[in-house]
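I opened the file to go through packing, strand pairing, charged pairs and backbone angles in turn. My notes follow in the order in which I looked things up.

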Amino acid sequence: MFKGRKRLGDLLVDSGLLGNEHLEKALSVQVKTGERLGKVLINLGYLTAENKIDVLEFQLGVPHVHLTAININKEVASTIPASMAEKYHMIPIKKEGKKLTIAMVDPTNFYAIDDVRMISGCDVEAVIAAEGEITRAINESYGVSEIVEKAINKLNQVDVPTLTNLQTVDDAPIICIVNSLIQQAIKERASDIHIEPQDNSVRVRFRIDGVLREVVTFPKHTHAAIISRIKIMSEMDIAEKRLPQDGRIEVTAAGRNIDLRVSSLPTILGEKMVLRILDKKSAILDIQGLGFSAHNLKSYQRLYSQAYGMILVTGPTGSGKTTTLYSTLTTLNTPTQNIITVEEPVEYLLDGINQVQVNSKAGLSFSNGLRSILRQDPNIVMVGEIRDTETANIAIRAALTGHLVFSTLHTNDAAGAITRLIDMGVEDFLVASSVLGVVAQRLIRLICPDCKIKYIPEAGSPEMAFIGAAPDKTIILYRGTGCPHCNHTGYKGRMSIHEVMPVSVKLREAIHQRLSSDELSKIAVTESMTTMRQDGIDKALNGLTTIKEVMRVAYSGL
């Protein structure tokens with residue numbers, strides 16, 4: 001319990017940390033700005049945050065807690081509304097019966113404690129926590145829409161804010177909006193943030209487990225300020241609105257270093273912004289954890305164990321190709337190997353591997369970067385993507401002259417990579433001689449383990465038809481019913497489905513004959529290749545995903 005009901009200023013004067021003249025000056029500033037007294041004192045340089053916490057802890061007997069070490073339950077946080085948490089800068093952290101513990105920046109604010117007591121109907125015990133920790137806890141506990149509601153109301157009263165970072169505590173509403181979006185996206189495991197101008201609003205969507213979900217809508221008049229703020233953070237040209245731009249933001253969230261790759265695109269309704277979230281710690285660099293079936297993993301291991309040749313990984317953007325290649329290079333990385341990559345962009349830094357970033361403005365492209373790499377005595381080379389005939393020819397000749405070359409292509413299946421190279425102008429005999437094999441992949445959502453149930457599909461249902469099961473056969477499938485752990489989607493997390501196509505002698509002959517990709521695929525299946533479709537069905541039958549998810553990702557109409 002508090003030792004009396006003294007105000008913060010009086011406690012600081014009594015402790016000797018603050019003179020009466022300093023307190024009077026701070027109070028006069030507080031009247032003009034409306035800010036909390038503690039923040040005014042810190043801004044004036046009369047006090048540090050640590051001094052303030054020490055005095056309150058000692059003088060009042062209020063415990064000091066570190067919120068980074070506490071897992072705050074959302075149900076406990078919802079005991080008070082987000083608007084109150086923002087107003088008094090507090091967060092409920094524990095509830096035991098009728099006793100509610102709240103972490104506060106200023107536990108001498110008895111009006112705030114009384115308001116909490118009235119709204120919650122609980123006996124309130126206050127503890128003190130650092131302002132930055134409470135800000136992050138509010139962001140994580142209440143979500144985007146509630147946090148930014150107050151910021152939206154303030155937005156017309158401020159100019160575009162100056163550059164700060166996610167660790168800075170600032171009441172500027174536009175900073176609150178952008179920081180809250182980024183923090184919430186990271187918390188919800190989003191891979192991308194889409195900020196899209198509409199006719200009369202600004203729509204924000206997160207891509208979570210490969211599917212876009214709308215999270216909040218802002219008034220149209222906020223668009224310019226939000227875009228300007230992100231441009232400042234990513235060091236883009238804030239005045240350029242007619243041309244696409246790219247930038248990068250580095251932030252720290254929940255103790256993790258996060259890279260944001262930012263892309264702006266002019267549309268007829270204004271600039272659309274996409275922020276791709278690259279979490280260095282979330283990357284799977286163990287090839288055993290990529291979702292390869294035992295059969296596919298064995299086939300792939302045989303490919304990358306070769307001394308030279310080309311291995312291609314194919315799939316659309318966001319299908320996990322780079323993660324597969326990084327995991328493979330990590331497996332192959334030994335002191336005896338010189339591994340060099342040329343990428344755009346370098347998504348994750350790999351220890352012991354020489355990574356080169358494409359720089360178009362400086363004239364460093366995939367093709368001339370690859371030429372320079374080959375003069376560096378490499379054993380293994382990774383080309384981030386084969387985009388043109390010149391890069392394809394250089395990569396193939398490198399594979400034919402004693403190098404193990406990895407790269408990616410955008411094709412629908414493994415066999416399509418072969419015909420794509422030939423369509424790009426590479427001679428068929430060079431393709432047949434250099435390509436060891438192709439891995440095609442997609443990412444599928446996993447069933448949430450907290451709401452997973454079994455069911456038996458009806459005879460003649462789309463699921464049964466997709467599996468190809470006999471009508472009288474009983475098959476057990478699985479799905480998620482939806483729960484708070486998966487945001488009521490029934491899915492949580494992702495894994496890959498694959499098809500691994502080694503280029504056999506028979507396939508080389510077929511490539512020389514320039515057979516179509518469908519014909520190449522049929523030959524590969526007769527030689528024991530498992531298609532992505534079948535790999536997905538197998539994972540669904542094993543309870544990892546749903547047949548509907550496999551149909552969404554891997555259905556070809558055949």
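Predicted model: local features only at pLDDT ≥ 70, side-chain atom pairs only at ≥ 80, totals over all residues.

Entry 1: I started at M501, which touches A414, A415, I418, G437, V438, L507, A524 and M529, leaving aside residues up to four places away in sequence.

**Entry 2: whole chain.** I noted 21 helices and 18 strands. Of the 558 residues, 51% count as buried. The accessible surface is about 26,400 Å², and carbon and sulfur atoms hold 50% of it. I took the contacts with a separation of 6 or more and found that residues 24 or more positions apart account for 63% of them.

Entry 3: I traced an open sheet of 7 strands with mixed pairing, in the order 12-11-13-14-10-15-18. Strand 12 (354–357) and strand 18 (491–502) are its edges, each pairing on one side only. On average, neighbouring strands are turned by 20° against each other, direction ignored. At one end, strand 11 (residues 339–343) runs parallel to strand 12 and is joined to it by 4 bridges. Within this pairing I found E343 opposite Q357.

**Entry 4: helix 20.** Which strands does helix 20 touch as it packs on the sheet? Helix 20 (residues 532–541) touches strand 15 (435–447) and strand 18, and its direction makes about 140° with that of strand 18. I listed its buried residues as M532, D535, G536, I537, K539 and A540. These pack against strand 15 and strand 18, and also against helix 11 (294–304), helix 17 (462–467), strand 17 (477–480) and helix 21 (547–554). Just after the helix, G543 takes a positive phi of about 85°.

**Entry 5: a hairpin.** I moved on to strand 5 (residues 201–208) and strand 6 (residues 211–219), which run antiparallel and are joined by 8 bridges. V202 stands opposite F218 in this pair. The two strands form a hairpin with 2 residues between them, and D209 in the turn has a positive phi of about 55°.

**Entry 6: salt bridges.** My search of the whole structure gave 20 salt bridges.

- R205 pairs with E196, the closest N and O atoms being 2.7 Å apart. R205 has a relative accessible area of 18%, which is under the 20% cut-off, so it counts as buried. E196 is also buried, at 6%. Both belong to a salt-bridge network that links E196, R203, R205 and K272.
- E390 pairs with R371, with 2.3 Å between the closest N and O atoms. E390 is in helix 14 (residues 389–400) and R371 in helix 13 (residues 366–374), 19 residues apart. E390 is partly exposed at 38% relative accessible area, and R371 is partly exposed at 34%.
- R445 and E549 meet at 3.0 Å, N to O.

Entry 7: Most residues other than glycine have a negative phi, so I looked for exceptions. H89 is not a glycine, yet has a positive phi of about 50°. H89 lies in the loop between helix 6 (82–88) and strand 1 (90–96). Is H89 buried or exposed? Its relative accessibility is 6%, so H89 counts as buried.

I also noted S528, whose phi is positive and near 85°. S528 lies in the loop between helix 19 (517–526) and helix 20. With a relative accessible area of 45%, S528 is partly exposed.

Definitions and conventions. Residues numbered from 1 in each chain as written. Heavy atoms only, no water. Pairing = 2+ DSSP bridges. Axes fitted to C-alpha atoms, helices over the stretch in contact; angles between N-to-C directions. Contact = heavy atoms within 4.5 Å. Buried < 20%, exposed > 50% of the residue type's maximum accessible area, 1.4 Å probe, protein only. Areas by Shrake-Rupley, 256 points an atom, 1.4 Å probe, with all protein chains shown as cover. Salt bridge = Lys/Arg side-chain N within 4 Å of Asp/Glu carboxyl O.
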